[in-house]
Structures are given as structure tokens and as C-alpha cells.
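Q: Got a structure open here and want a quick walk through it. Can we start with the core and go from there?

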Amino acid sequence: VAIAVTRERREGETRCAITPETVKKLAALGATVTVEAGTGAGSSIPDAEYEAAGAVIARDAKSALAGADILLKVRGPTAQEISALKSGAVVAAMLDAYREKDTVEALAKSGTTAFAMEFVPRITRAQVMDVLSSQANLAGYRAVIEAAYAFGRGFPMMMTAAGTVAPAKVFVMGAGVAGLQAVATARRLGAVVTATDVRPASKEQVESLGAKFVAVEDEEFKAAETAAGYAKPMSAEYQAKQAELTASHIVKQDIVITTALIPGRPAPRLVTAAHVASMKPGSVLVDLAIDNGGNVEGAKPGEVVTTANGVQIVGWSNLPGRIAADASALYARNLTAFVGLMVKDGVLAVDLEDEILKASVVTNGGAVVHEGVKG
Ligand code: NAD
């Protein structure tokens, strides 16, 4: 079976879908691996390292894709890449399939069997393939680093001969995978950390990391977690109470990091312009949900906005891409485990009855087959 990996062509995408380590793992499955020249550049992996690991380096995407059975990518392939694939080829990438309709259509038309890695179910067997977790964890870490960089003060308490530097107060909104890593990272830097979420299960997790949990803990809160472990959209009444609590807490904070998401919906608006205006000059907000519409009013994708009262709102898109070498390493391992479901002894055999493949397949046999994406 021939596996190809091409350069990422989306603007600002620094990650890649393969590392020298996973070239070897894929070869151990009996695959031959072709990597387009320059694929690892954004992750500091020179072509020579892929070659040394056993990959063939192709001059361009077209030659990389000639004869490929499987194409691995970070983001969805371009129209040109899709047209270079043979019918029946397998594609695995973070397709962002709910939003990237054109890519999904093109993949269907070309007869490929395309898998959206973001749809891999969060069951125990699939943990090793969980790209949402591997990338969110790094995004949560990086959000704190971005906040620390933009903040004109220190994070830890420092007692010096010239006096004491007070510790930064950090508030993390949304305590899922990204939020909990943000809590842990801010704690490691010595900040005083509080966090909030609408899922009751998150309280203990926040406290176990040494942070204080702050939330409206009413009856609705006690029932806010779905069977799948995700947040439910909250009622207008709850949101009003939440906004009130946020208002009284946020005014005392130096740093606010927001990570709140609800699967398949726009991100909830947690921080209003009035909240931001109440913060001290020099305070920093980092909106991790920016690529899903944002949690913070006034945040702009790809920008750092400075408000009239001197507060910075950091809206970097693709935070995992700002820690590309690690993000690529983890993502490539996720993908390699996923490929392991389909390749045995060098032979490609896609069993769409497999629970993981069934949940993540988006196109097959010339059509869009994923119920959520179709509707
Ligand atoms: P996510 O990215 O969908 O959302 C981030 C966080 O925002 C969640 O914790 C969510 O509850 C929170 N949120 C949503 N609306 C909010 C609001 N109005 N106010 C405050 N917070 C709000 O979540 P995630 O990081 O993917 O994690 C979701 C759950 O899945 C967690 O319980 C996590 O532990 C679990 N999980 C399980 C597995 C597994 O079993 N393999 C893997 C990863 C995550």
C-alpha cells in the first residue's frame, strides 16, 4: 500500500501529518511512504530526516500523489490535490467537514473514501487517535504562553531586594482538555488560578490541579453534561446568572483564557464588551474559541486587539500551529494509529463497519455518507 503526505497549503498552517518516527511506524505496517519536499519545514523537520527514516521525497504534490492509496494531511486537501488522487483512494485529515463543504463535495465527486479525524469517537479504543485532545492540550498550553508574552507583568510572585512582584491572577473559562492544560500551565508559572465550566465533572478536575472553581452551581448546572461528556447549550436564565458571576470575578483578573465550545454549534459568548471594559489596563484575554466564532466580544481572528481601556484580546487562529513541532508529532501518531485500523501486512482493507471508521467516514463511493454533514 502506498501512503502519500503532501505539504499543507492552507494559509498559516505550519503543522504536518508525518514525522520521521511515523514514517518508520507506517513502514512497519508494510506501507511505502512518499513525502512531498518541504512538508516538515514548519515543524523543523528537513526532507533528509524523512529520507533517512525510509521515505521517498517527491518534488511536488502531483508526483507524491501519483499512485497513492492513502493521502494523509493535517487540513483538507486542495482541489488540485484531490484531482490528482485516484478514485477509491483513502484520505484522512482534520477536514472541518461541517464548514468545509466545497472540500467535502470535491472529495465525494472524486470517489475517494475520506475520513474526518475530528469525528473519531472519544471511546477508549480510539484515545490514541484523538486529534481533538492532542491538539487542544497543546493549544491550552500555548494560550498561557501567549498571555504571558502579551502581559507586561510577571506570572509568579517574586520577592526581591527591590520589593515584591505580585502573582498574576488567571481565570480560565471552559475546563475541558484545553482549559485544564491552561490551568496546569498557569499554575506551573506561579499564577493564582481560577476556572469555570458548566459541566459539574470539571469541578473536581480543576481543584485537583490546585485551582479554585468558580461557577453558578444550580440545578441546570448539575444536569449540564451530555452522555458523551460534552456541554449542553445553557438556557438564557443560566447565561444571565453566569454573566453576572463573570462580571464580578473578571474585574479582579489579570489574564482571562476562554476555551468554551459546544460540538456542532457556534462558541458561546462568555465575555461581553462591558466585561472587557471593566478590566484593568494591561490585562490580557486569549480567546481559544476564535476559530468557532469566539467566546469574547471584540476578539478578531488572527489579531491582537487593544481596547480603549488598554486591554489586549489575543485572537490567534490555530494555536496548535504555534507549537508546530509537538503538534505535528502528536497528530502524526494519532494518524498512524488510525491508519493501523485499515492496513494490515501491507494490504489496504477498509472495514466501514468498524465503529471508529463508521463514525469518521465522510465520503465514500462517490457520495457524502456522513449523516451530520449531509444534513
Ligand atoms: P470542548 O472543546 O467541546 O469544550 C471545552 C469546554 O468548554 C468543555 O469543558 C465545556 O464543558 C465548556 N463549556 C461549554 N459551554 C460553556 C459555558 N457556557 N461556560 C463555561 N464552559 C463551557 O470540550 P473537550 O475539551 O473536548 O472535553 C469535553 C469532555 O470530553 C470532557 O469531559 C473531557 O474530559 C472529555 N473527553 C473524553 C475523552 C475520552 O474519553 N477519550 C477524550 C477527550 C475529552
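Q: Which residues touch the most other members of the largest nonpolar core?
A: Val172, Val183, Ile257 and Leu285, in a core of 112 residues. A nonpolar core here is a set of buried Ala, Val, Leu, Ile, Met, Phe, Trp, Tyr and Cys residues joined through C-beta atoms within 7 Å. Buried means 20 or more other C-beta atoms within 10 Å of a residue's own; exposed means 12 or fewer, and partly exposed is in between, with C-beta atoms placed from the backbone.

Q: What does Val183 touch, leaving out residues up to four places away in sequence?
A: Val172, Ala175, Val193, Ala195, Val206, Leu209 and Ala211. Contact means C-beta atoms, placed from the backbone, within 7 Å.

Q: Where do these coordinates come from?
A: This is a predicted model: local features need pLDDT of at least 70, side-chain atom pairs count only at pLDDT 80 or more, and totals for chains, interfaces and linings use all residues. Residues are numbered from 1 along each chain as its sequence is written.

Q: What are the confidence scores?
A: The chain's average pLDDT is 96, and 100% of the residues score at least 70. pLDDT is the predictor's confidence in each residue, from 0 to 100. The ipTM is 0.95 and the pTM is 0.96.

Q: Switching to helices. Which residues of α10 are buried?
A: Gln242, Thr246 and Ile250. They lie on the same side of α10, because they cover an arc of only 55° around the axis. That arc is taken from the directions from the helix axis to the C-beta atoms. Helices (H or I, at least four residues) and strands (E, at least two) are DSSP runs, numbered from the N terminus.

Q: What do they pack against?
A: β9 (169-173), β12 (255-258) and α11 (273-277).

Q: And which exposed residues sit on the face turned away?
A: Glu237, Ala240, Glu244 and Ser248.

Q: How far apart are the end C-alpha atoms of α10?
A: 20 Å. The expected span is 1.5 Å times one less than the number of residues.

Q: What about β18 and β19?
A: Antiparallel again, over two bridges, with β19 at residues 367-368. Thr363 stands opposite Val368 there. Their hairpin has two residues between the strands, and Gly365 takes a positive phi near 55°.

Q: Which residues of α5 are buried?
A: Thr103, Val104, Ala106, Leu107 and Ala108, in a helix that runs 101-109. Their cover includes β6, β18 and β19. After α5 comes Gly111, with a positive phi near 80°.

Q: Last one: is Leu341 buried or exposed?
A: Buried, because it has 20 C-beta neighbours inside 10 Å. Leu341 is in the loop between α12 (324-339) and β16 (343-344). Leaving out residues up to four places away in sequence, Leu341 touches Asp354, Ile356 and Leu357. Leu341 and Asp354 are 13 residues apart in sequence and 8.6 Å apart, C-alpha to C-alpha.

Key. Contact = placed C-beta atoms within 7 Å. Pairing = 2+ DSSP bridges.
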